[in-house]
Amino acid sequence: MKAGMSDVKRILFDLGSSEGIPQNSGPSKLTPAGTKSILDPRLRKVLSSQLGIQNVLHMQEVVLEYILSTSSRSRTGDVVLCAPTGSGKTLAYALPIIQDMLDRRMPRLRAIVVVPTRDLANQVFTVLSTLTKPFGIFTLCTIGSSAIAEEALAIPNAEILIATPGRLVDHINNGDYLKLSDVKYLVLDESDRLLEDSYQNWIDVLIPALGRRTYAFDESENRCPVPRASYGILNLAIRPDIAMRTESSFSGLSQANVRKILASATQTRNPMRLYKLDLRDVCFFEPRGFEADEGNRDKISGDRYTVPATMTERGWIIGSLVEKPTALLQLLGWIPLDSDNTRGLKSVLEERLVSQGGTKLVFTNSVDSAHRLCRLLELCAFSLGRSGKVLEMSGTLSAKRRKFVLEAVKEKALSIEGNSTNPPFVVVVCSDILARGMDILSVDTVINYDTPAHISTYLHRAGRTARAGRHGKVFTVLVSNQVRHFRSMVYEAERDKRKVKTIDLKIRTDGDSDHSVIVRNLASLRRVLSSERYGALQRDESLPEFMMHSLCKRGVHETRSKYEDDNPNHNSEDGKAGHKRRRTVIDDVQDVDGVDEDGDVRNAGFLHEILYTQIGRNLLHPPSAS
Ligand SMILES: Nc1ncnc2c1ncn2[C@@H]1O[C@H](COP(=O)(O)OP(=O)(O)OP(=O)(O)O)[C@@H](O)[C@H]1O
């Protein structure tokens, strides 16, 4: 987090010109909060020294001002914050909470932040703990990565708790060490996602535990009586549509003082979902110009969203599923565009896609496809001689591996050498685990290899790029029969329809074309996946180079001696274990190739593969040899 921050402070953007967010302009400047800001100077100093942020954004300032100006009153309104991805919602809720705690007298649990995934919890924890540490505010992250008893010991000292819903419920049910009586803020980050899933009925457990309000039923009240107000650059409005449905049946003063803050780029306005949260006096923050049309207010499905102005979106239409991997390689700039494509299209690709450096995220619709595609790209990168890294990120990986991948990408710790003709790259193939909230500033391109089924998934995936005023590109690979659905999904939901263009891509799949790279490597992929199935290769680890050499038919013996030369410590205990495992991998590959030293195919599984699949038959009896 910290490493990227020195860049962030220079790339500031304006959420609040009087015209609203500029739709088609480049990154605009941040209007400094300056001396008018109500941000505490102590907090400002920490923000600057720890995160490299000199000024708060207008949206953050408005939320800060609203929350702090009403925090001392007995009746405080709940806050719903709906701003585009990458617009700084984390600090928008974190700053008022921390500032409110600066002059506390007794350390008590004052705030709970609930987030849907462990990785996001870790990210939010990094930001909050960095800001709170200098003030001695103890922030704790409880996500189920350590023993519950261990966490239970730490929880009584926590003043801010960041938790995934399941773990929070575990602690509430586990004993009385989690004291909720002094909790003043409950934040739901990615609230629409949290409300979608029931996660052990976490809302039903948490809300009553915080102290449910009691209301007197009042039929005559059909609107929230609190007036609309315009607050600086944002519309700060009590949304009657939500207020009416959540409050009309229950009017009266609250007995609880927990203020709820909901944050998401795709905030649900569905009162049926929000109802369970027991919201009251809801203040709906959204950038001016993007509030729901008056006529749409009552339509539950009428939500419209906006994406950052610095994002370019394109749909790439291909003829059939078979062309997808080849289209991906072309999008990544690893193989040239087919000459059938127009000159104009070529220049678009060259200009927009083949950017040097930068991280590319490739989204698939399932963890299995993410894994297979990652392996295939690893093989293709190797056989095409590309310098860079292909990494996988999905829920099936161990927490340790996920942390490694995130840190590696965030901190740019991957030391990859390249040159101008072969620029280094980092491609992360991921499932939707990375779609929500993850803040990786080096991501300059998002590719939807699989088209997302829902607009919210599309927007969150896309939102991993073009963050904090940076430029970013989003490409969606579309098989021709998916185009209609894609267009209607995006056009109906996005406010600026002109932004998303679709372009036809012509791809040759005959024997002489670049498509043959895919065909060759699909055969290797099968062998890699077999090695994993039989435990010879860890799913979590990148493909060892010697294995790729072997798969590229450079000779098993050569790679074995290469491995031994390259690993002088292979006789140490650790080295031996690793060596043994790697030897198995080599044997494995030999088996699949049908060239094992004893002349036997030892593994029955592989035997099956070889004898009963077309690819296996081709391997043993190449068509040209027959
Ligand atoms: N005041 C600021 N000045 C400069 N950069 C900022 C400021 N506030 C936040 N940022 C940066 O903007 C980036 C995006 O912030 P954040 O992760 O909070 O976005 P978000 O709105 O929560 O996005 P998402 O909807 O995807 O979760 C982060 O890198 C953050 O450090």
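Q: Where do buried, partly exposed and exposed residues divide in this predicted model?

A: Buried means under 20% relative accessible area, exposed means over 50%, and partly exposed lies in between. The model considered here is predicted. R104, at 22% relative accessibility, therefore counts as partly exposed. E159, at 2%, counts as buried.

Q: Which salt bridge involves E159 and R104, and how far apart are the closest N and O atoms?

A: A salt bridge pairs a side-chain nitrogen of Lys or Arg with a carboxyl oxygen of Asp or Glu within 4 Å. E159 and R104 form one, with 2.4 Å between their closest N and O atoms. The two residues come from distant parts of the chain, 55 residues apart: E159 belongs to the loop between α6 (148–154) and β4 (160–163), and R104 to the loop between α4 (89–101) and β2.

Q: With which residues does R167 form salt bridges?

A: One partner is E151, whose closest N and O atoms with R167 are 2.9 Å apart. This pair also links distant parts of the chain, since R167 lies in helix α7 (residues 165–174) and E151 in helix α6, 16 residues apart. Both R167 and E151 are buried; for R167 the relative accessible area is 12%. Another partner of R167 is D170, with 4.0 Å between the closest N and O atoms. D170 and R167 are three residues apart in helix α7, so about one helical turn separates them. D170 counts as partly exposed because its relative accessibility is 28%.

Q: How many salt bridges are there by this rule, and which residues are linked in a network?

A: The count comes to 19 salt bridges. D40, R42 and D103 are linked in a network of them.

Q: How do the strands of a sheet pair, and which strands are joined to β5?

A: Strands of a sheet pair through backbone hydrogen bonds, in either a parallel or an antiparallel sense. Here, strand β2 (residues 111–114) runs parallel to β5 and is joined to it by four bridges; V113 has V187 of β5 as its bridge partner. Strand β8 (residues 259–264) also runs parallel to β5, with five bridges between them, and D189 stands opposite A263 in β8.

Q: Why is β5 largely enclosed by the rest of the structure?

A: Five of the five residues of strand β5 (residues 185–189) are buried, so the strand is largely enclosed. Both of its faces are covered: Y185, V187 and D189 are buried on one side, and L186 and L188 on the other.

Q: What is the strand order of the open sheet of seven strands, and which are its edge strands?

A: The order is β12-β13-β11-β14-β15-β10-β16, with parallel pairing. The edge strands, each pairing on one side only, are β12 (388–393) and β16 (500–504). Direction ignored, neighbouring strands of this sheet are turned by 20 degrees against each other on average. Within the sheet, β11 (residues 359–363) and β14 (residues 443–448) pair in the parallel sense over five bridges, and L361 has V446 of β14 as its bridge partner.

Technical notes:
Residues are numbered from 1 along each chain as its sequence is written. This is a predicted model: local features need pLDDT of at least 70, side-chain atom pairs count only at pLDDT 80 or more; totals for chains, interfaces and linings use all residues. Side-chain values use heavy atoms; hydrogens and water are left out. Buried means under 20% relative accessible area, exposed over 50%, partly exposed in between (1.4 Å probe, protein chains only). Two strands pair if DSSP finds at least two bridges between them. Axes are lines fitted to C-alpha atoms, for helices over the stretch in contact, and angles run from 0 to 180 degrees between N-to-C directions.
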